[in-house]
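Please find below a note on the model, arranged as numbered points.

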Amino acid sequence: MIRKSGLLKKTITLALTGIMIIGATGCGNIGSSSGGTSSSVPTERPKESTHGGVAEAKNMAASFVYSGSNFQVSGAEGTMSSIKKYGDKLYMLFQTFIEDENSKDNGDGEQFVNGQTIYRIYSASKEGGDAELLFESDPMDFDGYITGLNIRQDGTPLIVYNNVDKNEGVFYHVCSISDGKLETERNITELVYNNEININSLFLDDKNNLVATTENELKVYDADNKEIVSKQFGDVWITLSGKSASGDILVNLQSYNEAVMEGCSKLCVFDKDTYEMKNEIDMDTSGASGGGSLMNGDETYDFYYSTTNAIYGYVIEEEKSYKLADFLSSDINGDSLGNICMLNADSFIAGLYDWEEDTIRGSKCTLMKYDKVDPSTLANTTVLTYAMMYADNRLKDDIREFNSSQSEYKINIVDYSEENDPAEKLSADVAAGNFADIYQVYEGMGDISLNQAISKGLLEDMAPYIEKDADVSLDDLVPAIKNAIVNDGKVYVIAPTFELYSMVGKKSEVGEKSGWNYADLKKYYESKPDSQLFYSNNKNDILDAFMEGCVNDFVDWENGECYFDSQEFKDILEMANKGTNEETDYIENRVSEPKQFLEGKRLLCNGYIPLDDMERFDQAFKGDYTIKGYPSKDNKGSYIYLSYDAMGICAKSENKDAAWKFVKRYLTEDYQGKKYPDLYCCPTRQDVFDVYLESKKATKAGTDKYGNEIKPIEGSYGWEDMEITRKPYTDEQINIFKEGLNNTKGLFSNDKKVEKILTEEAAAYFAGDKTIDEVVPIIQDRVKTYINENK
Amino acid sequence: MKISKKKIKDSIFLGPSLLGVLIFFIIPFFVVIYYSGIDNVIQCRPVGLRNYINVINNSAFQGAARNTFIFSLMAVPLSIIISLGMSLVLEGGIPMKSTIRTFFLSPLMVPTASVVLIWQVLFDYHGVINEAAKLFGQRPVDWLKSDYSQWVVVILFLWKNLGYNMVLFMSALASIPKDILEVSRLDGAGAWKQFWLIKLRYITPTIYFVGIISLINSFKVFREVYLLAGDYPYDSLYMLQHFMNNTFRNLDYQKLSSAAIIMCIVMIVIIGLLFVLENKLSEDLEG
């Protein structure tokens, strides 16, 4: 009996051990077990899928590098507008614009250019070489447009061609090419016209049925143009569609869930034979660049898609995207890349377009072939990461410029704006110790304010680097900027540009002298009973407007004190309470902003004040304006606002010297001098700032000392119902801005948590439920807890 | 040295659990101790006891500790006394005993979010209680932003926990030997004497257990307070877990770690004292 029991125990133990081993083997082994057939198992995929944050940007950067070279196709004429691969062959659509002799370019509107487009279709080997001309449209005999290039299952190139008949309208055809001529395979005119909604994409499936997608419908037509499938997707929109490697129909649906205020993205896979939906997968395609960006797959990936930052391969069975090419790591400008054709996972051909060129006559396009670079060859390149909440093209251009200027370091962007919750992801990365080398300090770092970042030791003091550097000096900066960024001799943030953050009012009413206190403003407001203070007269908005610029007047972070029970704050609440509960956006027949100023119905303009706003103020206030500043206890209420190009070096970076090499460029005369004409804000260097101001005043065309072409300001633009006439700035306008600048008292910073508490508690006072004396102690109590916690 | 087969077998079975405890409890515990001794997670410079001194001197921490202590001091004894009283009443054989027991146990089944919603409906400035008060000409009270706020949470705590404690006490009372109670009654002991001299002695371990559980639950009341009043509530509702939660969100791990260790030490002292007290009472019972 005892023996039997022992045997039973051993058997159970062995069985359990077996189950554990099998379970452990199964865990996380999707890759090797997926695929079903050996042909669909990817041979070599990156180890990480998408959205890996800082860790991916740093450790995987070398895996996403592709190197580009000119793709030589001799004999092809014009600008490439479509490219498809079939087997070893490429089919390409080129177009050339032939301008009429009598066409006139008046310089202002190039839309008046007349002419005719010549379409050419070529085939070539996927290795390049000689292009074989398959079709060339005759400008005298071809009145229409070729809008798409497709390859049929049997390898026949097909085009979608719409021709215009002067008497009978527009006809749509799917044509093949025979002996250099187009041959209509099917007339789809009725099909196009019968759909009340525009068809967004057309392609042929493996059975040669025509698949069409509208904004939220998928339709399939047989060879006789008979509708055989119609799928309605309801309140969604189709962003991408195409075929998988196995021939299934793919549709990517986007929708917006209002309840959680979040966008949803799904990939629907329809069976190639039955057209029934066989899979619905959550797939984040944010950033995918339009309908053409879904590309047919191969034996490694079911399909490919591109965004402005990267190319991804997708494996349906794993429900996973794999990043293949990172444009920035590869020194590619993603915005200039178009008509990508994947040859395989390691190689693609694309057109590199120069959008600055004349778009009517055809943009300049260079055919490029990009091949994956062996990561081991990049082992000597140190990757630096630049984490940002908002990556604009100028920053990307700067990084590309830096990366291509040397081979020792490569800056890689970690773009948190691609995350569902950018601020939370950044905080999570910091919490996990995944630090970037450089951080964009755009009003702080996500949810981490600049002060918090400094107090936590997240940012490196750059003062020693500046001191040692012969190229830059703090004395080069505009004094107000220097005062703002230098704190106790330490510099944690630098920026190439700035704006003022202040209040502008009517000089004859608010007084010429910059700065005022709360009592002054209250008195002024009370003297204008028919006027509102700001753009919005909503009570909460007024309180928010005050708090953006005044909150630091009521908080003493150092001593853990706050003064929201003071008379000054009560004055603010009382002024806000004179507003309305109505939301500004919903006010019908709202008086336009310029009219509000002209008619004296609005007293102040608040927020960011770039120099370019002076011309608006000039007209709205009829020249009678001044940068007064937010009310404050010390009569100094203007701030320096650093925008998205403000940055700091992470104290944990292992490559601080390299990071400094990149960061310092923004403080050099060379950078700011060359770039300032393209910047919306003012340069931070005094020498460049002076040149910038001179360029604004220029009355004659010329060249500045940095070689930038200077043109006198002219033209006009609309500000709601007011026409703003642009002209060179006057000394008076410049002086108003300079005076505002001289009266700044530091960097703009606000605290969203304090603002949230104020809004929550003031609501009861604004609703009339509580008196000001009941509300103020609660605000004081709650904010004090917050301040003490962070003391 | 020969290791017996049994030991190897035991180790194999114990291994996974030990590994889990090591990864999820022991290592993080030492990480917390390490964090409490450095200036920040970036530079990691040792600062000795500076973080502890800063936390102890931090008025938000002091306020949170005071509030948590006051709350526990109010809620735990009340919870023990009321649930014990109720179990004694139910033990007396009142009608609908089972229904009443179910009624008091039902709050345990209600999700916290729903409980909070009910409390908001009741105690909001425009809630049921204030509307009722207005009918009698009374001024509305901002229950969650006034000195009454902690009482609101105490009531919520009691409502949620009384049923469970009551069942524990009923079970303890049922396990008292009936012959002792019979003998005491024959000796002329009244209900009060029976309770004080016999029942209380027998249920001391249960009181101790209920006390510990209630103390732990009183620390966990943060969840309800957070849902009711947010991360920065009115002063008297700001608990130790608010401090911890907010410092974590602000990535202030040094403050968080120091506070956690201080709290841990205080908890060890309190539970140790309760142990001593329980031992003393048990000795008394056995002696």
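1. In this predicted model, Phe569(A), Lys570(A), Leu573(A) and Glu574(A) of helix α13(A) are in contact with Ile772(A), Asp773(A), Val776(A) and Ile779(A) of helix α21(A); contact means heavy atoms within 4.5 Å. By class, five nonpolar, no polar and three charged residues make up the contact of α13(A) with α21(A). Here Ala, Val, Leu, Ile, Met, Phe, Trp, Tyr, Cys and Pro count as nonpolar, Asp, Glu, Lys and Arg as charged, and the others, Gly among them, as polar.

2. The axes of α13 (residues 567-577) and α21 (residues 772-790) of chain A come within 11 Å and cross at roughly 125 degrees, which makes α13(A) oblique to α21(A). Axes are lines fitted to C-alpha atoms, for helices over the stretch in contact, with angles from 0 to 180 degrees between N-to-C directions. Angles under 35 degrees count as roughly parallel, over 145 as roughly antiparallel, 65 to 115 as roughly perpendicular and the rest as oblique. Helices (H or I, at least four residues) and strands (E, at least two) are DSSP runs, numbered from the N terminus.

3. In chain B, the axes of α11 (residues 222-229) and α12 (residues 240-249) come within 10 Å and cross at roughly 70 degrees; α11(B) and α12(B) are therefore roughly perpendicular to each other. Phe222(B), Val225(B) and Tyr226(B) of α11(B) meet Gln241(B), His242(B), Asn245(B) and Arg249(B) of α12(B). The classes in this contact of α11(B) with α12(B) are three nonpolar, three polar and one charged.

4. The contact between the chains takes 28 residues from chain A and 30 residues from chain B. About 2500 Å² is buried between them, 50% of it from carbon and sulfur atoms; buried area is the accessible area (1.4 Å probe) that two parts lose on being put together, summed over both. Ile42(B), Tyr232(B) and Leu251(B) supply 29% of the area that chain B buries against chain A, more than any other three residues.

5. Three salt bridges are found across the interface of chain B and chain A, a salt bridge being a side-chain nitrogen of Lys or Arg within 4 Å of a carboxyl oxygen of Asp or Glu. Glu774(A) and Arg139(B) form a salt bridge at 2.7 Å, N to O.

6. Over all chains, the structure holds 57 salt bridges. Among them, Asp553(A) pairs with Lys745(A) at 3.9 Å, N to O. Asp553(A) lies in the loop between α12 (539-550) and β32 (555-556) of chain A and Lys745(A) in strand β43 (residues 744-747) of chain A, so the pair ties together parts that are 192 residues apart in sequence.

7. Residues are numbered from 1 along each chain as its sequence is written, chains are lettered from A and ligands numbered from 1 in the order in which they are written, and side-chain values use heavy atoms, with hydrogens and water left out. Local features need pLDDT of at least 70 and side-chain atom pairs count only at pLDDT 80 or more, whereas totals for chains, interfaces and linings use all residues.
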